[in-house]
Amino acid sequence: MSEGTMKVVNTVKLLAGITDNEQDDVILALEEMTRNQLSMMVDETSVPPPLEAVVLPVTLARFNRLGNEGMQSYSQEGESITYPASDFDEYTNVIERYNSEKNSEKKRGKIVFFTEDKVGDDNAVQ
């Protein structure tokens, strides 16, 4: 397990008040799903460094939502919880800014200079 993955697992456990390792596999699966979805959203093979900060809070939100997946709201004994349509809604601006910057870099041109080797170079292999 990478250091980043262990940091996410340990932080989710700390914030959720978990002191054992029984939920580690669940948290790891949620983190992997989060990373995969975020990577697809920005058309990358892995989460780019500028978006790493999104992984932990989305993984924590998904952990806290376990059992209520697919619901838009939940209500019980006077307590009411409303969920966003996507766990990434809060980070839409950050993700869109990353995509915009990435796309603007692709549009920039480059100048490439080619040089010719010297003809008759004395060090050339015969």
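Author: Helix α1 and helix α2 make a right-handed crossing. A crossing is called left-handed if the near helix is turned anticlockwise from the far one by less than a right angle, and right-handed if clockwise. Please keep in mind that this is a predicted model, in which local features need pLDDT of at least 70 and side-chain atom pairs count only at pLDDT 80 or more, while totals for chains, interfaces and linings use all residues. Residues are numbered from 1 along each chain as its sequence is written, and side-chain values use heavy atoms, with hydrogens and water left out.

Reader: At roughly what angle do the axes of α1 and α2 cross?

Author: An axis is a line fitted to C-alpha atoms, for helices over the stretch in contact, and angles run from 0 to 180 degrees between N-to-C directions. Here the axes of α1 (residues 3–16) and α2 (residues 24–41) cross at roughly 120° and come within 10 Å. The pair is therefore oblique; angles under 35 degrees count as roughly parallel, over 145 as roughly antiparallel, 65 to 115 as roughly perpendicular, and the rest as oblique.

Reader: Which residues make the contact of α1 with α2?

Author: Contact means heavy atoms within 4.5 Å. On the side of α1 the contact is made by G4, T5, V8, V9, V12 and K13, and on the side of α2 by D24, I27, L28 and E31. Sorted by class, this contact has five nonpolar, two polar and three charged residues. In that sorting, Ala, Val, Leu, Ile, Met, Phe, Trp, Tyr, Cys and Pro count as nonpolar, Asp, Glu, Lys and Arg as charged, and the others, Gly among them, as polar.

Reader: Is T5 buried or exposed?

Author: Buried means under 20% relative accessible area and exposed over 50%, with partly exposed in between (1.4 Å probe, protein chains only). T5, in helix α1, has a relative accessible area of 13% and so is buried. Apart from neighbours within four places in sequence, T5 is in contact with L28 and E31.

Reader: How many helices and strands does the chain have?

Author: Helices (H or I, at least four residues) and strands (E, at least two) are DSSP runs, numbered from the N terminus. The chain has four helices and two strands, and its elements follow the order α-α-α-β-β-α from the N terminus on. Of the 126 residues in the chain, 28% are buried. For contacts between residues at least 6 apart in sequence, 58% join residues at least 24 apart.

Reader: At what angle do α1 and α3 cross?

Author: The axes of α1 and α3 cross at roughly 50° and come within 10 Å, which means that α1 is oblique to α3. This crossing is right-handed. Its contact joins V8, T11, V12, L15 and A16 of α1 to V55, L56, T59, L60 and F63 of α3. Eight of these residues are nonpolar, two are polar and none is charged.

Reader: Which residues of α3 are buried?

Author: Within helix α3 (residues 52–64), the buried residues are V54, V55, V58, T59, L60, R62 and F63. Their cover includes α1 and α2.

Reader: How does α2 pack against α3, and which residues take part?

Author: The two helices pack at an angle of about 130°, with their axes 9 Å apart, and so α2 is oblique to α3. This crossing, too, is right-handed. From α2 the contact takes V26, I27, L30, E31, M33, T34, R35, Q37 and L38, and from α3 it takes E52, V54, V55, V58, T59, R62 and F63. By class, there are nine nonpolar, three polar and four charged residues.

Reader: Which residues does T34 touch?

Author: T34 belongs to helix α2, and with a relative accessible area of 0% T34 is buried. Not counting residues up to four places away in sequence, T34 touches V55, V58, T59, R62 and F88. T34 and V55 are 21 residues apart along the chain, and 6.4 Å separates their C-alpha atoms.

Reader: Finally, where does Y98 lie?

Author: Y98 lies in helix α4 (residues 92–107). Its relative accessibility is 15%, so Y98 counts as buried. Leaving out residues up to four places away in sequence, Y98 touches V42, E44, P48, P50 and L51. Y98 and P50 are 48 residues apart in sequence, yet 7.8 Å apart in space, C-alpha to C-alpha.
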